[in-house]
Amino acid sequence: MKCVVIEQPGELVIAERPLPQPAAGEVRVKVAYASICGSDVHIWHGHNPFAKYPRVIGHEFFGVIDATGDGVDAARLGQRVAVDPVVSCGNCYPCSVGRPNVCTTLQVIGVHRDGGFSEYAVAPAKNAWPLPDAIPDKLASLVEPFTIAANITAFLKPQPDDVALIYGAGPMGLTAIQVLKGVYKVKTVMVVDRLPERLALAEQSGADRLFDNSNTPLGAQLEGVQPTLIIDAACHPAILAEAVALASPAARIGLLGFSGEPCSLTQQSLTSKELSLFTSRLNSNRFPQVIGWIEKGLIQPEKLVTHYFPLQEIERAMTLFEKDPRTCCKVILQMD
């Protein structure tokens, strides 16, 4: 089978590998579509601190179960599935409190074990979520990105009367906009970014107010409006301190991603307003929730997609995703 392998940082190849066989409790998925995430690019360039090499990348993928391991019901053969990349032990403290996404022995498909930029991939059977016919094949790999927004909003508990602010109108910011507007019915969602093309995508996804902070600081443009809910989907080290300064007293702030660079923040700035700060990594069993949202039409994954490429053009697709944020949002690879 053909698969995309990062042999070591900077070295991307399309390799021929033997067809994987599912172990006990696993299924093999004939992959149909897989979408590119920023973390895939980071693994390619050696900037993902969690990755192990060599690695078949890809953690957002969809396909059909074509083989089952011992202990898996053979009736699952032929099921259309989206794969949750979070593989957890089920026994440690985080797992016991419903946080398998930070399991003490966490493995992520496409990061710690081989992923879905491949003609076939294996995964635990419990990670392969059946999809209703209402979700078309061409969009099914986008279930996973929306679970990231589902995870942070579960902490933030958005309310219709919130005044929400999202930093960054990249793919993660756009999923957050759609979830706030479509699922939680938040009346005011503001978005800040430095690219007009990305702000246009934010508006298409439902944002109510748009701000370009490339020349004028955001605080000057808000004119005293204090957000009650803030999501940082850009994660530049300077953002958190600004978010804390702009936030309403009693606001909630969520970090949707990470930077390895330090940021400067005082305890007083948090405590004086009694701000709540939430972090989020991956997703904690959010696939059924997101599948339901798409089925009900509460979110529209198609609004994120700008390009489709065959697997053979992976380097071109990854480069476009990385280098051209003005015209490119979600890029989906087609295996056939």
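This is a predicted model: local features need pLDDT of at least 70, side-chain atom pairs count only at pLDDT 80 or more; totals for chains, interfaces and linings use all residues.
Residues are numbered from 1 along each chain as its sequence is written, and side-chain values use heavy atoms, with hydrogens and water left out.

Helix α1 spans residues 38-45 and helix α10 spans residues 314-323; they pack with their axes 10 Å apart, at an angle of about 110°. That makes α1 roughly perpendicular to α10. Here an axis is a line fitted to C-alpha atoms, for helices over the stretch in contact, and angles run from 0 to 180 degrees between N-to-C directions. Angles of 65 to 115 degrees count as roughly perpendicular, under 35 as roughly parallel, over 145 as roughly antiparallel and the rest as oblique. The element names come from DSSP runs numbered from the N terminus: helices are H or I with at least four residues, strands are E with at least two.

Which residues make the meeting between α1 and α10? On the α1 side they are Gly38, Asp40, Val41, Trp44 and His45, and on the α10 side Glu315, Met318, Thr319, Phe321 and Glu322. Contact means heavy atoms within 4.5 Å. Within α1, the buried residues are Ser39, Asp40, Val41, Ile43 and Trp44, where buried means under 20% relative accessible area, exposed means over 50%, and partly exposed is in between (1.4 Å probe, protein chains only). Besides α10, the buried residues of α1 pack against β1 (2-8), β2 (11-16) and β3. Just after the helix comes Gly46, with a positive phi of about 80°.

Strand β3 is worth a stop of its own. Val27 sits in it and is buried, with a relative accessible area of 0%. Leaving aside neighbours within four places in sequence, the contacts of Val27 include Pro22, Ile65, Val72, Ala121 and Ala128.

Now for the rings. The whole structure holds three aromatic pairs. Rings of Phe, Tyr and Trp (its six-membered ring) pair if their centres lie within 6.5 Å; planes under 30 degrees apart are stacked, over 60 edge-to-face and the rest tilted. One of the pairs is Tyr33 with Tyr308, edge-to-face, at 6.3 Å centre to centre and 80° between the planes. Tyr33 is in strand β3 (residues 26-35) and Tyr308 in strand β17 (residues 305-310), so this pair ties together parts 275 residues apart in sequence. Tyr33 is buried at 10% relative accessible area, whereas Tyr308 is partly exposed at 31%.

Another pair is Phe155 with Phe278, which is stacked: 5.9 Å centre to centre, 15° between the planes. Phe155 belongs to helix α3 (residues 143-156) and Phe278 to strand β16 (residues 276-279), so here the parts tied together are 123 residues apart in sequence. Phe155 is partly exposed, at 23% relative accessible area, and Phe278 is partly exposed, at 23%.

Lys138 lies over the face of Tyr308, 4.5 Å from the ring centre, and Arg281 lies over the face of Phe50, at 4.1 Å. The test is NZ of Lys or CZ of Arg within 6 Å of the ring centre and within 35 degrees of the ring normal.

Val143, Glu144, Phe146, Thr147 and Ala150 of α3 meet Phe287, Gln289, Val290, Ile291, Trp293 and Ile294 of α9. The buried residues of α9 are Phe287, Val290, Ile291, Gly292, Trp293 and Ile294, and what covers them includes β6 (80-83), β10 (128-130), α3 and α4 (171-183). After α9 comes Gly297, with a positive phi near 75°.
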